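I opened this notebook to record what I looked up in the model, entry by entry.

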Amino acid sequence: MQRLAASLALAAATLVLAACSSSAPTPADPTTAPSTSAGNGDAPIVIARDLAFTTTELEVPAGQEFSLVFDNQEGPPHNVAIYTDESASQQVFVGEIFSGPATRTYSVPALAPGSYFFRCDVHPSMQGTVVAQ
Amino acid sequence: MDPRTDEPRITVAGLVLRFAIVALTLATAYIHSTLGGLLFTLNATGYVVAAAAMVVPLGIAIRYRWFIRAGLIGYALTTIIGWAIQGPYYSTAYLAKGIEAALILFVVVDFLRADGNPVTVVKRELAQIAAAVRSRRTGAEAA
């Protein structure tokens with residue numbers, strides 16, 4: 001299942017990169033504003049830079065599968081993994097880990113309404129909150 | 001044994017083994033250095049220091065090479081256990097752990113070839129420490 005998701009994400013990322021290769025998404029103030037869309041329809045975007053996520057709060061639709069664009073802008077490998085809470089004991093979704101600079105589009109399964117925790121599994125100090133509503 | 005250094009004379013097999021240990025140590029150091037973050041950087045630095053200590057031709061390093069070998073085994077084991085607990089579990093991590101497992105195996109072989117039974121080594125070192133302490137005490141009493 002994880003491989004399928006990774007393959008789908010890779011295929012989607014290839015399409016996105018081919019379509020949007022000249023216009024990299026740059027949110028106006030990603031540190032404070034919840035992420036919305038950035039060049040891939042309504043897909044929220046998360047950027048990794050300087051061993052931190054520039055977006056720490058994501059708003060996503062509840063009850064439906066959605067795409068999440070992850071833009072790793074630096075060399076070290078990162079991913080976005082979503083857990084039920086900060087203990088990170090119960091996985092909801094684990095995105096592929098990859099080195100940058102590169103972008104992947106994850107297909108995240110439907111989330112029940114509520115607040116979730118996300119982090120980079122390689123660097124657990126990189127974290128944020130996903131709100132499904 | 002070389003009477004000047006307390007270390008076995010280097011054979012071709014020993015040289016190849018030592019080269020493999022240094023190569024594997026530097027390989028895992030490189031992988032960790034690419035991961036970013038303080039913890040990984042410190043881990044990589046530790047491996048580089050260990051690789052240097054395995055070959056540096058200094059008297060004290062040669063005398064205590066057994067301790068360096070034991071330390072490298074412990075260091076790699078700690079790294080593997082830490083990863084097993086914390087993750088992350090992905091291809092590069094599996095590669096690094098494979099390298100570290102091979103490294104431990106090679107260092108164990110090197111230890112057994114160069115130093116022999118670890119228990120005997122520890123007993124010998126403890127006896128030398130005890131002798132040094134006795135000698136110092138005797139000297140202090142004489143003074």
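I began with A:Asp50, which is exposed, having 9 other C-beta atoms within 10 Å; I took a residue as buried if 20 or more other C-beta atoms lie within 10 Å of its own, as exposed if 12 or fewer, and as partly exposed in between, with C-beta atoms placed from the backbone. A:Asp50 has a positive phi of about 55° although it is not a glycine, and I found A:Asp50 in the loop between E1 and strand E2 (52-53) of chain A. Before going further I noted that this is a predicted model, in which local features need pLDDT of at least 70 and side-chain atom pairs count only at pLDDT 80 or more, while totals for chains, interfaces and linings use all residues. Residues are numbered from 1 along each chain as its sequence is written, and chains are lettered from A and ligands numbered from 1 in the order in which they are written.

I then turned to A:Ala88, another residue other than glycine with a positive phi, near 55°. A:Ala88 sits in the loop between E5 and E6 of chain A and is partly exposed, with 17 other C-beta atoms within 10 Å.

I looked up the bond joining A:Gly100 and A:Pro101, which is cis with omega about 0°; A:Pro101 is placed in the loop between strand E6 (91-94) and E7 of chain A.

I listed one helix and nine strands for chain A, where helices (H or I, at least four residues) and strands (E, at least two) are DSSP runs numbered from the N terminus. Of the 133 residues of chain A, 38% count as buried.

Which residues have the most contacts inside the largest nonpolar core? I found A:Val46, A:Leu68, A:Val80, A:Ile82, A:Tyr116 and A:Val130, in a core of 28 residues; such a core is a set of buried Ala, Val, Leu, Ile, Met, Phe, Trp, Tyr and Cys residues joined through C-beta atoms within 7 Å. The largest share of this core, four residues, is supplied by E1(A). Apart from it I noted another core, of 18 residues, including B:Tyr47, B:Tyr75, B:Ala76 and B:Leu103.

I looked at helix H2 (residues 38-55) and helix H4 (residues 65-86) of chain B, which pack at an angle of about 155° with their axes 10 Å apart; axes are lines fitted to C-alpha atoms, for helices over the stretch in contact, and angles run from 0 to 180 degrees between N-to-C directions. H2(B) is therefore roughly antiparallel to H4(B), a term I kept for angles over 145 degrees. In the residues that meet, B:Asn43, B:Gly46, B:Ala50, B:Ala53 and B:Met54 come from H2(B), and B:Ile68, B:Gly71, B:Leu72, B:Tyr75 and B:Thr79 from H4(B), contact being C-beta atoms, placed from the backbone, within 7 Å.

Note on methods:
Angles under 35 degrees count as roughly parallel, over 145 as roughly antiparallel, 65 to 115 as roughly perpendicular and the rest as oblique. Two residues are in contact if their C-beta atoms, placed from the backbone, lie within 7 Å.
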